[in-house]
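Below is a briefing on one protein model.

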Amino acid sequence: MESMLNKLKSTVTKVTADVTSAVMGNPVTREFDVGRHIASGGNGLAWKIFNGTKKSTKQEVAVFVFDKKLIDKYQKFEKDQIIDSLKRGVQQLTRLRHPRLLTVQHPLEESRDCLAFCTEPICASLANVLGSWDNLPSPLPSDIKEYKLYDVETKYGLLQVSEGLSFLHSSVKMVHGNITPENIILNKSGAWKIMGFDFCIQSTNPSEQEPKFPCKEWDPNLPSLCLPNPEYLAPEYILSVSCETASDMYSLGAVMYAVFNKGKPILEVNKQDIYKSFSRQLDQLSRLSSSTLQDIPEEVREHVKLLLNVAPAVRPDADQMTKIPFFDDVGAMTLQYFDSLFQRDNLQKSQFFKGLPKVLPKLPKRVIIQRILPCLTSEFVNPDMVPFVLPNVLLIAEECTKEEYIRLILPDLGPVFKQQEPIQILLIFLQKMDLLLTKTPPDEIKNSVLPMVYRALEAPSIQIQELCLNIIPTFANLIDYPSMKNSLIPRIKSACLQTSSLAVRVNSLVCLGKILEYLDKWFVLDDILPFLQQIPSKEPAVLMGILGIYKCTFTHKKLGITKEQLAGKVLPHLIPLSIENNLNLNQFNSFICVIKDMLNRLEAEHKTKLEQLHVMQEQQKSLDIANQMSVSEEARSSSTSSQIDKVFTSGTDLLTSGSDSRESEMSSKQKKASLTLEEKQKLAKEQEQAQKLKSQQPLKPQATAITPPVKQTKDLTDTLIDNMSPLTSHSINKAKVASSSSFSSVPSMGVGMGFSSPIDNTKRNITNGLNTNMGFQTAGFSMGAGPTTQNFFSGPSATGTTKMNIVPTANMPNYSPMNAASPISPLTQPNRPPDMSALDNLFGPQKPKVSMKQLAQQKSSQWVNQFVPPQGSPSASSSVLGPQMNMIGQPGFGIQGNPFFAPQNFAQPANTMTNSSSASNDLKDLFG
């Protein structure tokens, strides 16, 4: 990469140095800026050709520079001869003015280092194009290296040279004397121009007499730049030291041969022994075979053979050559007409431009861009010719790339976009609007192209409005959405409402209908459809246009009309229009068909919506019923679970007879059968409370240290045990240990609590639930719950109270001073009653005494509600009770696992147990 940059840098530096050294100090540089070296030309390709611009007008020119360093090898008098020859040629060219001669913009200027003059801008010399690259920059310019001559260029170029020679021979009475590819220059438009008048010979006879051209003898001792090119020189120059106008025609024949043979001349001349060489070649020319001329087109082959004839009298003159059939090519004639266009009047021009679109497809693209396009755009200054020129320019634009269009065509179209007269200009642009929108940059579209469309919609001519409305849908997809929404659509609507022409109104509706697909749904619903109701006329064509827009919007996949719009706006508008008296049967049927389709869709959509709402309502009802059932079940469970409070608040009722339990059950059933208003209000509050608890986050256990109560309770353990011993003496032999319930705190403190209960119910062992492993978790306590063998709601049973052993563990906290002071485990002291003070802390603070009936009416405990089983749980009805799990995966405290849940399970017959007043008093003190 670095080497490439260095190479580029050295090349640029070298070129800049060449230009600076060649032109520095020359007076030409005062008025012209010299640019890049592009070509070489003149005798021996001695002139370097540069791009240039005039400083004052920025006009493009070509600067010819002859560097005197090229002749440093010659002696002074030879240098002077060369300089004089070059000066003579340029001065003669400057004096002559003709379209076929190179036009000089600034005369020859001489400085110490160079000669320089300026001409019209050029592309290259014919010699450069044919492969002679002497005195060209390195690397070779790509436009010269890749230049290819098309047939039409060759034909017209040779015709131009012939016309130039005809001008010299007939009008100027001059022989050029050195017609060669080096002296034929291709200008920027591709036209062939003659230069190099270094060896021209003026006629010595007066103009009315036969011209006579004196000829100098060939001097081989002169520098080559002081002699013409012998390869293109007529034989009579050398052999007979004579010349005439036919001598230039021989040179033209040699140039034609070289053009069709890739620059190779017909004769190769030894310049050191030119006389022998010409004498030897003379026989070849006299016997010129067809094989030698095989590369020349057949229609001109004979004419070239005549031009190369040894006898000057046989050669055709320049005027005759311009009329040969070879030059009657339509392309060459078209180019010839363009060159003479400035001589034609408007009528002739208009006729020519009308036929030009048929010729343009036959011409090469480069020829069109170089030769024809500049001539066409130059006519834009004539407003009357613009309607005839513009179609050809847009036809050329179609074949150009976007870059070429922007660079070559768009700058000339800018002023034409703003022309409003003649009106045909607007029509032509509208017909080619898709081309303009495709190739024109977005900024130029917004600033030049679309304003022209808006002017057409607002034009006073009805024909222009109709054409514009018909053409807009063809390029609507190329218009950006903001311009269409904010500028184009409002003007179409305005044209529809304000025009007095029925055709414009109908075309406006048709145009809107065709461009609906490029609009968004809500713009159509909010802007287009309401506009239809503002149209005042009721002609059938207008009504059908309105119907068409409604139908397109209704059926289009992207658009569509909502059922609210159908019911509220569209159908109320369409139905009155459908019964207009101006409509015929087919038009009425079209209205009815669209109305029916709209009604069907309206019915289907709304019916579907109602069905969905109905399904949702049914689902909601079923959910409400399920919730009510759940709430009632919870209320039933909560009323049952409220009985657990009886265990903790009233210990005396445990010793009452079974008849009391049955009476409470009967009274509860009666209350359930007929509830008072207050009871119903309580029930409703309980349901609300249960619903709130369901929506709350699950409670998480918190490990908190249990602090012993400050209040010292009375220790009645010894008295209780002594008084209970006679109660259980009659059934001590039948006692069986059913289960063990362990109360353990979080730091694994365990209390062994054994209930021994002799049970006899129809000769079956009924445990009343006391054999389950109960899970009871609160503030660090957990109870294990296990399966039961029989439902403990089975009715009254004989229950005996046995001796209860409390076994403290080593890590169990002390709950009383008595426990703390006892160093010996109660198991080793059978005679001493165990300490029961731990039960006081377990069952909580004392509560006021409440009867069973009052307890049943109290609100169930919220704490117990947390452990109510879910609805549908089998534990509520099954006789085989499963384990209850708490929220952290441990065995929970369920309704079925709670042995204190149904007080009636503890009721006994009156004859199985004697009621001791002292024992009852002690129990009251114990349970508060």
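**Confidence and overall make-up**

The protein has a mean pLDDT of 74, and 68% of its residues reach 70 or more; pLDDT is the predictor's confidence in each residue, on a scale from 0 to 100. This is a predicted model, in which local features need pLDDT of at least 70 and side-chain atom pairs count only at pLDDT 80 or more, while totals for chains, interfaces and linings use all residues. Residues are numbered from 1 along each chain as its sequence is written, and side-chain values use heavy atoms, with hydrogens and water left out.

**Fold and surface**

- The protein contains 34 helices and 15 strands, taken as DSSP runs (helices H or I, at least four residues; strands E, at least two) and numbered from the N terminus.
- Of contacts between residues at least 6 apart in sequence, 69% join residues at least 24 apart.
- The accessible surface is about 47800 Å², and carbon and sulfur atoms account for 54% of it; the areas come from the Shrake-Rupley method with a 1.4 Å probe.
- Of the 928 residues, 46% are buried, meaning under 20% relative accessible area (1.4 Å probe, protein chains only).

- Strands β1 (residues 32-41) and β2 (residues 47-54) run antiparallel and are joined by 7 bridges; strands pair if DSSP finds at least two bridges between them.
- Phe32 stands opposite Lys54 in β2.
- The hairpin formed by β1 and β2 has 5 residues between the strands, and Gly42 in the turn has a positive phi of about 85°.

**Nonpolar cores**

- The largest nonpolar core has 193 residues, and Phe66, Ile372, Leu390, Leu413, Phe429 and Leu436 touch the most other members.
- Helix α7 (residues 245-260) supplies the largest share of this core, 10 residues.
- Another core lies apart from it, with 10 residues that include Val23, Val61, Val63 and Val65.
- A nonpolar core is a set of buried Ala, Val, Leu, Ile, Met, Phe, Trp, Tyr and Cys residues joined through side-chain atoms within 4.5 Å.
- Beyond its neighbours within four places in sequence, Leu390 is in contact with Phe380, Leu413, Val416, Ile425, Ile428 and Phe429.

**Cysteines**

- The disulfide count is 0, where a disulfide is a pair of cysteine sulfur atoms within 2.5 Å.
- Cys114 counts as buried because its relative accessibility is 0%.
- Cys400 is buried as well, with a relative accessible area of 5%.

Note on methods. Buried < 20%, exposed > 50% of the residue type's maximum accessible area, 1.4 Å probe, protein only. Contact = heavy atoms within 4.5 Å.
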